[in-house]
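Hello,

Here is the structure I promised to hand over. Have a look at it first, and then read my notes below.

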Amino acid sequence: MNAGMTNYYYVVAFAIVGGVFGGLLLSVARMLRPRKISKTKLEAYECGMEPFEGNWTQYSARFYVFALVFLIFDVEIAFLYPWGTVFRDFGVTSLIEMFVFIGVLLLGLVYAWKKGVLKWL
Amino acid sequence: MSGQLLAFWALSFVILSGALYIVMTKNIMHAVFMHLLTMSMIAAVYGLLHADFMAAMQVLIYAGAVTAMVVFALMLTKSQSRPDGAGIAVDNQQRGASFLTAAGFLAVVIYVLVPQKWAVHEAAPVVKSDVAAMGAIIFKSYILPFEVISVILLAALIGVIVLARKED
Amino acid sequence: MAIALPFLIALALVIFVLSNIVFFMWAEFKISGRVADRFGPMETGRWHGWAQPLADILKFLNKEDIIPANADKLIFRVAPFVGFIPVVMVLAAIPYTNKIFVRDFDIAVFFVIALSSFTFVSMVMGGWASGNKYSLLGAFRAAGMLLSYELPLGLAIAGVVMLSATLSLIGIVQQQTVWNIVLQPIGFLVFMVAMQAELQRSPFDLAVAESELVAGYSVEYSGMRYAMFQLGEFFGLWALASMAVLLFLGGWHGPYLPGIVWFFIKFYGIFLFLAFSRVSVPRVRPDQLMDLGWKILLPSALVNIVITATLIVLVPHYQVPLAVSEFVILIAALYLMRRVLK
């Protein structure tokens, strides 16, 4: 393999070691623990009540809005990193460009704030 | 067969079978988690091409944000579409037409892609640090698409806020 | 041998981190105890309960593994690994001195940030696969919290990246003639707050301390599977505390002692701060949490970036104006915070 690949090889090796280590811990636990099956133990935990209605209820749209605002700012952060590496050499122009980018998205954040969408009831 | 080619074949197998599973499964949540795996494997393919920054960005945006969005969007649906597939109508009367359309599309793709000469060789790193290179390219040549991206994101943000507020 | 070397290094590093974690757990018990005017563990191991974490690990190994009947068995089993494996991968990117490191990634900082977005995925998988609607709800609330605090974390780090013009952690430490905490106090504070929220430590441990949601997403997990979630959290603590030391506290720079000693002194300093903050501040309400994340930390981090960028481009020797203006804005922000948070 050529020289540039060694970093990726290390990443994969670490991932494999992580997985194997976790598996090892679970195997040791499996050898040591008891196994007594009873029907009550297999029910879902609802603070002592009998569980009802399955596990699929409808949730409010609030979670989705947070996830979407997070996605948008995540993309912005992903663009901030290459800019942060090179903006020194490009003068005021790239500064203005990035400020326009941040400003537009900040406008969206302020709009979300004013419309009360960022409230977590 | 070098290690990189072997890795590429293995990753492609996982990606394609993952994509097939997403389309064919009846269990929505399994589809979401398989989507997560497929996107991570695509990030690994970017890694094979020495595009580290693209790989990390793919993981950050797809595994982090898009999975969140899809899971939360799924939770907004009613209990009729239960995870075990009960209640979803997975068949309608248009099997014949859809098969013909898909076959036609496949024919077009094969006609275009097969006669190409695909050069299969190992990618070598082009630049020392692709983050700096990418930054230079974006802010010198592609500044207009970059600003348009911000407007598109703003449009998406405002769209979601308007829609979510009406339901409350 | 070259093929097996990464695996051996990984194993050695994992075992090293685990032994440190055992020490962390004991230190945290003792600190929490002393702050509350009690002794903490004293019995296990005869001397101040040093064997308490080991006893806890043995306890986890002995618990029965109950998978509820409603659970999705495959994803129930996979969820702890999805949280654990990426955090082990992050260990590959962290340098301890400029001679002692695993690999020098060009995008080390971004690598760490990208992989820390997997914690929330493992929570949602665990919460959904438990087959219990309360754990699902707890998982969503925890996921909402984690998402809200990943943004300020990324932005605070972006400020440091702008100062150093490189994403490599070794490069960032080498560029710090003066510690970045002086040049970016806002960034440091945002990072510390967001770090505690990302690790779900008090005062931000809503996910597992709600009285109505019991243990949140991990309520159906018992024994070693639950311990793997906790181990993932501790490995994440190691990763983020190392990042704080490398990005803001000058890494391994320091006068007479060797670099590695300074690194661990600063590292344990951060850990001490986290342990104290855990027992000093009451838990925040969920709406206060979201307000803090979106309305205080995110704008502060953005203002930080704007100031840093402007001063770096326009002023040739930007260090002193940057430190001064950041300090002024910090005071103003702390004053405004009282008005917004009510």
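Let me start with the contact between chains C and B: 18 residues of chain C and 15 residues of chain B take part in it, where two residues count as in contact if their C-beta atoms, placed from the backbone, lie within 7 Å. On the chain C side, α4 (108-115), α5 (118-129) and α6 (133-164) supply at least two residues each. Helices here are DSSP runs (H or I, at least four residues; strands are E, at least two), numbered from the N terminus. The biggest contributor on that side is α5(C), with six residues. By class, the side of chain C that touches chain B has 16 nonpolar residues, one polar and one charged; Ala, Val, Leu, Ile, Met, Phe, Trp, Tyr, Cys and Pro count as nonpolar, Asp, Glu, Lys and Arg as charged, and the others, Gly among them, as polar.

Before going further, please keep in mind that this is a predicted model, in which local features need pLDDT of at least 70 and side-chain atom pairs count only at pLDDT 80 or more, while totals for chains, interfaces and linings use all residues. Residues are numbered from 1 along each chain as its sequence is written, and chains are lettered from A and ligands numbered from 1 in the order in which they are written.

Back to α5(C), which also packs against α6(C): the axes are 8 Å apart, at an angle of about 170 degrees. That makes the two helices, α5(C) and α6(C), roughly antiparallel. For reference, axes are lines fitted to C-alpha atoms, for helices over the stretch in contact, with angles from 0 to 180 degrees between N-to-C directions; under 35 degrees counts as roughly parallel, over 145 as roughly antiparallel, 65 to 115 as roughly perpendicular and the rest as oblique. From α5(C), the residues that meet α6(C) include F120(C), M123(C) and W128(C), and among those they meet in α6(C) are L136(C), A139(C) and L146(C). This contact has ten nonpolar, five polar and no charged residues.

Next, chains A and C. Here 54 residues of chain A are in contact with 61 residues of chain C. Helices α1 (6-32), α2 (62-86) and α3 (91-114) of chain A are the elements giving two or more residues to the chain A side, and α1(A) has the largest share, 17 residues. That side divides into 37 nonpolar, nine polar and eight charged residues.

One helix pair across these chains is worth a look: the axes of α3(A) and α13 (residues 286-314) of chain C come within 11 Å and cross at roughly 165 degrees. They are therefore roughly antiparallel to each other. Among the residues of α3(A) in this contact are L95(A), F99(A) and W113(A), while α13(C) brings residues including L302(C) and V306(C).

Chain C itself has domain 1 (1-62) and domain 2 (67-341), with bounds from an automatic or database domain assignment. Their C-alpha centres lie 22 Å apart, and each domain gives 14 residues to the contact between them. On the domain 1 side, α1(C) gives the largest share, eleven residues.

A word on confidence: chain A has a mean pLDDT (the predictor's confidence in each residue, from 0 to 100) of 80, and 76% of its residues reach 70 or more. Over residues 50-55 of chain A, pLDDT is below 50. Where pLDDT is low, the predicted coordinates should not be read in detail.

Best wishes
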